[in-house]
Amino acid sequence: MSVLTTNDVPVPPGLVIAPQLPDLLPAIKVRRGVIGFLRNHPTVAIGGALLLCLVLIGIFAPYLWTVDPTAIAPAKRTRAPSADFWFGTDLLGRDIYSRVLYGTRVSLTVGLSVALLASFAGLAIGLVSGFVRWADGVVMRFMDGLMSIPPILLAVALMALTRGSVGNVILAITVAEIPRVSRLVRSVVLSLREQPYVDAATASGTRTPMIILRHILPNTVGPMLVQATYICASAMIVESILSFIGAGTPPTIPSWGNIMAEGRALWQVKPFIVFFPAAFLSVTVLAVNLLGDGLRDALDPRMAKGI
Amino acid sequence: MLSYILRRLLSTVPVMAIVALFVFSLLYIAPGDPAVVIAGDQASPADVERIRQSLGLDQPFLVQFGKWLWHILHFDLGTSIFTNLPVASMIAQRIEPTLSLMAISLVLTLVVAVPLGVVAAWKAGSWVDRTIMAFAVLAFSLPVFVVGYVLAYVFALRLEWLPVQGYTPLSEGFWPWLSNLILPAVALGDVYIALIARITRASMLEVLQQDYIRTARAKGLGQRGILFVHALKNAAVPIVTVIGLGVALLIGGAVVTESVFAIPGLGRLTIDAILRRDYPVIQGIVLLFSFLYVLVNLMVDVAYTLVDPRIRY
């Protein structure tokens, strides 16, 4: 019996070579580039696309067949949606379509600003308490204290101190979000500090600022990015809640929460006033959450199977 | 065990002290001088000064804080600027609807979310799992008032199955009380359900990969026995932790839900207090809810050291 291998090397008698196994596993398609990434992570694509649309709507609100969102027309109060008023008019005769589109600006501004500010503040605080031993105890007890006040109530309490304005809303929500981010950064920093490569860097005489810059910061980007999207989503919800209960943006600014607050008294007879801003808010928050879920799966494959 | 519980109890003291300090600072830096408000329009500067002294407002920050804390520890939350009633009694009047709402939401969440999460983990990767998780993302993204208005519109206005708005005290019967709270509780619980379902699924997936689950299966235990006896029990700690942390969502959401469904609870009181800039009332509510939140999480911590023999401190 003579068996030939692929190399046509004769096999000595008495030895048998196992037959080649069929290729059971399908070839893994390696997708590269932005398009490949988006195809591998459809939730990022869907969330991102939706969010991009909303950003464009916000930017180009004046050119999307809108009228002045604050123009009052008492003769045309609470009209149902029609060809003239796509989303109807509110109690003062203002065009809800225009108000909702301009409201996109407020929500996105608040969401993005809070995400940015809370991330940077949280990063700074988290780094300090992760690296400066004596500050850690004090800072974290303080953060525990802030964290034990429910975020919406904290924002409400801060807003009660100041005038309603978009800037103050952003600051109030940021303060309420900072403890969570700094806790996250601190835990990442503490686990990274135990890594052998950080030990190696320390042993070879790298100074702490350089270690932070080269070894710690790059590793916080992933978790921070995911956290920032969730903060963005929650900030937009908190903003609309604050405006809805009268502690948010001033009533003169068309924000979704304000439009809903104005429609509240009439919602049983004129549900469309509440409906349109509510729908926009839900879609926006959904888009940001999808983006966050997708980014989490993409950046941390271990988590992909989990939550 | 006892020493752990004691230590855990003591560790909440600094946290509550920081909350109290924060809440007191809120009143301290609030715009408007209480002495001027109390003295009225006709008062001379000397009168205002006398009232300020009698109220102790001329004393240093820490002295004032100490006195205020002393009062708080005796359940004296101060007096409302607007109604002149003690804040503690105003809160006591409004607390029943809010606690009822939160309790029903909590029960609903546990009954719905945990089984959903278990099923999703059991059928991981299937269409059942994907449907449940898709709903969880959706529910997580819908703001409380959006769900509230949709539910009220469909089930109360159109179908007329349940009352649209309002609240009936428990003392006037169980069903009138419950029927008014079903829709608000669903609206309030929805985000919470999504959160708990997701964490239950994640925690269960982890446990289902363990060796003892394979052993249980090998010795012929039924699927239900494995899931609910072996797996869920071991997956419980993260779930219970998130249930505790999620109470913050319930508290924040209650303020809005009460506004949508016209429930005369602490949420309404909060909104009225904001509109009137009634700082002592805002302060009292923030303090109460924070205390409640810390207490719930303390109980959660202690509960699973009692239940889970693996946790020893």
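## Fold of chain A

In this predicted model, chain A is built from 11 helices and 0 strands. Read from the N terminus on, its elements accordingly follow the order α-α-α-α-α-α-α-α-α-α-α.

Chain A comprises 307 residues, of which 43% are buried.

## Confidence along chain A

The mean pLDDT of chain A is 80, and a value of 70 or more is reached by 85% of its residues. Among the elements of this chain, helix 3 of chain A, which covers residues 96-131, has the highest mean pLDDT, at 89, whereas helix 11 of chain A, covering residues 301-304, has the lowest, at 52. Over residues 303-307 of chain A the pLDDT is below 50, although this stretch still has 9 contacts in the model beyond near neighbours in sequence.

## Contact between chains A and B

Where the two chains meet, chain A gives 37 residues to the contact and chain B gives 41 residues. On the side of chain B that touches chain A, two or more residues come from each of the following elements of chain B: helix 1 (2-29), helix 6 (127-141), helix 7 (144-158), helix 8 (174-208), helix 10 (223-260), helix 11 (266-275) and helix 12 (279-307).

What is the make-up, by class, of the side of chain B that touches chain A? This side has 34 nonpolar residues, together with 5 polar and 2 charged residues.

Key: Residues numbered from 1 in each chain as written. Chains lettered and ligands numbered in written order. Predicted model: local features only at pLDDT ≥ 70, side-chain atom pairs only at ≥ 80, totals over all residues. Helix = DSSP H or I, 4+ residues; strand = E, 2+ residues; numbered from the N terminus. Buried ≥ 20, exposed ≤ 12 C-beta atoms within 10 Å, placed from the backbone. pLDDT = per-residue confidence, 0-100. Contact = placed C-beta atoms within 7 Å. Nonpolar A, V, L, I, M, F, W, Y, C, P; charged D, E, K, R; others polar.
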